[in-house]
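Two residues are then taken up one by one.

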Amino acid sequence: MNKYGAEFFGTFWLVLGGCGSAVLAAAFPNVGIGLLGVSLAFGLTVVTMAYAIGHISGCHLNPAVSIGLWAGGRFPASQVIPYIIAQVLGAIAAGAVLFFIAGGKAGFDVTAGFATNGFGEHSPGGYSMMAALVTEVVMTMMFLIVILGATDKRAPQGFAPLAIGLALTLIHLISIPVTNTSVNPARSTGVAVFQGGWAISELWLFWAAPIAGAILGAIVYRIISQENS
């Protein structure tokens, strides 16, 4: 049970830190952290939790990562569903805390945006559904390649959290304008359930695309990492 608790609290931190930075700090008058700050915040949540709970649960914090690690032969199938449940519950708990905090300011309107992911008219930059789909698939694919490579037994030891956290930062720098960046179905779900409406109706893409991308990433890494005989 320890590993499931670790995934719960790890994903809680990812959503609270990443989405919290977007909701509370990104556009704060005159000193807001902007897209660069939000991107860094997501990366920092992964780095800090990887060092804190990586030795307990592996620090997946993401259903797509758990599925990708299973597809890459690094994770048992029997633990995939329990991990996903823990991750989604942690994300929703963080969404609830963030909703409570944000609601402490007069004029807060969750329907105006709550770090939710979307496409078309709900994309920050007005990008189409197909653009969003390709973005999420490709970004998650590359994320899994980095994760699998950085945690390979042949890779330099002790640096995986930094590589993975920086990869997530870079992914956000690229794709926030397109989808507000998911690459993580739990992260998307944790805030969508409070925004409701369109966020729920578009949530399918932010489950399907990251999972597809994670499986592709696992396949690619298995091919390119084969040692010469």
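This is a predicted model: local features need pLDDT of at least 70, side-chain atom pairs count only at pLDDT 80 or more; totals for chains, interfaces and linings use all residues.

Residues are numbered from 1 along each chain as its sequence is written, and side-chain values use heavy atoms, with hydrogens and water left out.

**Empty space**

Rolling a probe the size of a water molecule over the atoms shows where empty space is left. On a 1 Å grid over the protein atoms alone, a cavity is a set of points where a 1.4 Å probe fits but cannot get out; a pocket is an open set with protein on both sides within 12 Å along at least five of seven lines; lining residues have an atom within 4 Å of a point. A volume is the space filled by probe spheres set on the points, which are joined across faces, edges and corners.

| Space | Volume | Lining by class |
|---|---|---|
| Largest pocket | about 720 Å³ | 21 nonpolar, seven polar, three charged |
| Second largest pocket | about 470 Å³ | 16 nonpolar, eight polar, two charged |
| Largest cavity | about 30 Å³ | four nonpolar, three polar, one charged |

In these classes, Ala, Val, Leu, Ile, Met, Phe, Trp, Tyr, Cys and Pro count as nonpolar, Asp, Glu, Lys and Arg as charged, and the others, Gly among them, as polar.

Helices are DSSP runs (H or I, at least four residues), numbered from the N terminus. Helices α1 (2-25), α2 (34-57) and α4 each supply at least two residues to the lining of the largest pocket. For the second largest pocket, α2, α3 (63-71), α5 and α6 (160-179) each supply at least two lining residues, and α2 gives the most, with five.

The whole structure has one cavity of 30 Å³ or more. Residues lining the largest cavity include Thr 116, Asn 117 and Phe 206.

**Two residues**

Gln 87 lies in helix α4. Gln 87 is buried (under 20% relative accessible area, with a 1.4 Å probe and protein chains only), its own value being 0%. Its side chain makes a polar contact (a pair of N or O atoms within 3.5 Å, one able to donate a hydrogen and the other to accept it) with the side chain of Glu 7, at 2.9 Å.

Thr 111 lies in the loop between α4 (80-102) and α5 (129-150). A polar contact of 2.6 Å joins the side chains of Thr 111 and Asp 109. The C-alpha atoms of Thr 111 and Phe 194 are separated by 8.8 Å, with the two residues 83 apart along the chain.

Definitions and conventions:
Buried means under 20% relative accessible area, exposed over 50%, partly exposed in between (1.4 Å probe, protein chains only).
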